[in-house]
Amino acid sequence: MATSLAVLEVERKFIYSSDVEDMLQTLGATLQGRLLFRDTYYDTVDLHLTLNDHWLRDRQGSWELKLPFSLHGGDKSSNPVTQYQELTREKEIIAAVGEVLGCTPLSEGMEALVAELRLQAFASYVTDRKSYEVPREGLHVDLDEADFGFAVGEVEKVVSTAEEVPEALERINHFCSQLGVTSVKKVPGKMTTYLHQYRPEHYQKLKEAHVL
Ligand SMILES: Cc1ncc(C[n+]2csc(CCOP(=O)(O)OP(=O)(O)OP(=O)(O)O)c2C)c(N)n1
Ligand SMILES: [Mg+2]
């Protein structure tokens, strides 16, 4: 079996204003397209996945698990840049879910895993996304509008080794400052806002665990 390179997503969220698209174009960004998609997130009854910063979702029939890979330690709750590994192969997702839950799932597919572990959907929303590429910087920018009335932008770089992370951080932070994003405070994303609005107890537990 061919070994796949890791997909490590380094990302910084920002709040944008109505002139953001003009600014992006001035900075050399080009619009790639617009996409509408629904994400449904799953967890165990006792919230073991999210309390361990593992985010399992079904995006329009494709499954994905985001899990932390930060080698730098530090306080996640205040850093404006997040670093996650992304798994999209069901076999790898099932193994990683088993590892964090301390079990060995028998299931070979995601629907079976949901039944076996009695996973429950805890959040579901539609995102209307405009995607920009910044070829010169190797960066990707998304402007997201969620169906519960929340908008957020993300500057992102995908790398495959931990050694590439510092340069990605530098490029992201430099691009953000050019965009006028100066606050070093962490901006709440769609999930943080969704949980705060619709699942306050879950939100509180994640705050107490310093996951959000
Ligand atoms: C600011 C901040 N946001 C999220 C987290 C953790 N987290 C919460 S939900 C979550 C999973 C969703 O990640 P996010 O990038 O917000 O979603 P989305 O933009 O729709 O997915 P993409 O298309 O980029 O793959 C994470 C990693 C965190 N620790 N801090
Ligand atoms: Mg994102």
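This briefing covers the strand barrel, the helices packed on it, and a set of annotated residues. The model is predicted. Eight antiparallel strands close into a barrel in the order β1-β5-β4-β3-β2-β6-β7-β8, with an average twist of 35° from one strand to the next.

**Barrel and helices**
- Strands β3 (residues 55–59) and β4 (residues 62–68) form an antiparallel pair over five bridges.
- Arg-57 stands opposite Glu-64 in β4.
- Helix α3 (residues 90–101) packs on the sheet, where it touches β3, β4 and β5 (81–87). The direction of α3 makes about 45° with that of β4.
- Helix α6 (residues 190–198) lies across β2 (30–43), β3, β6 (120–134), β7 (139–146) and β8 (150–159). Helix α6 runs at about 150° to β6.

**Annotated residues**
- An unreviewed UniProt entry places the feature "binding site" at Glu-9, Glu-11, Asp-142, Glu-154 and Glu-156.
- These residues are spread over 148 residues of sequence but cluster in space, with a largest C-alpha distance of 13.3 Å.
- The lining of the largest pocket takes in Glu-9, Glu-11, Asp-142, Glu-154 and Glu-156.

**Glu-154**
- Glu-154 lies in strand β8.
- Its relative accessible area is 6%, so Glu-154 is buried.
- Beyond its neighbours within four places in sequence, Glu-154 is in contact with residues including Glu-11, Arg-129, His-140 and Asp-142.
- The side chains of Glu-154 and Lys-13 make a polar contact (2.9 Å).

**Glu-156**
- Glu-156 is found in strand β8.
- Glu-156 counts as buried because its relative accessibility is 13%, and buried means under 20%.
- Leaving aside neighbours within four places in sequence, the contacts of Glu-156 include Glu-9, Glu-11, Leu-139 and Ile-172.

How values were computed. Residues are numbered from 1 along each chain as its sequence is written. Chains are lettered from A and ligands numbered from 1 in the order in which they are written. This is a predicted model: local features need pLDDT of at least 70, side-chain atom pairs count only at pLDDT 80 or more; totals for chains, interfaces and linings use all residues. Side-chain values use heavy atoms; hydrogens and water are left out. Two strands pair if DSSP finds at least two bridges between them. Helices (H or I, at least four residues) and strands (E, at least two) are DSSP runs, numbered from the N terminus. Axes are lines fitted to C-alpha atoms, for helices over the stretch in contact, and angles run from 0 to 180 degrees between N-to-C directions. Contact means heavy atoms within 4.5 Å. UniProt positions are given in the numbering used here, feature names are shortened, and annotations may be inferred rather than shown by experiment. On a 1 Å grid over the protein atoms alone, a cavity is a set of points where a 1.4 Å probe fits but cannot get out, and a pocket is an open set with protein on both sides within 12 Å along at least five of seven lines; lining residues have an atom within 4 Å of a point. Buried means under 20% relative accessible area, exposed over 50%, partly exposed in between (1.4 Å probe, protein chains only). A polar contact is a pair of N or O atoms within 3.5 Å; within protein, one must be able to donate a hydrogen and the other to accept it, and residues adjacent in sequence count only if both atoms are side-chain atoms.
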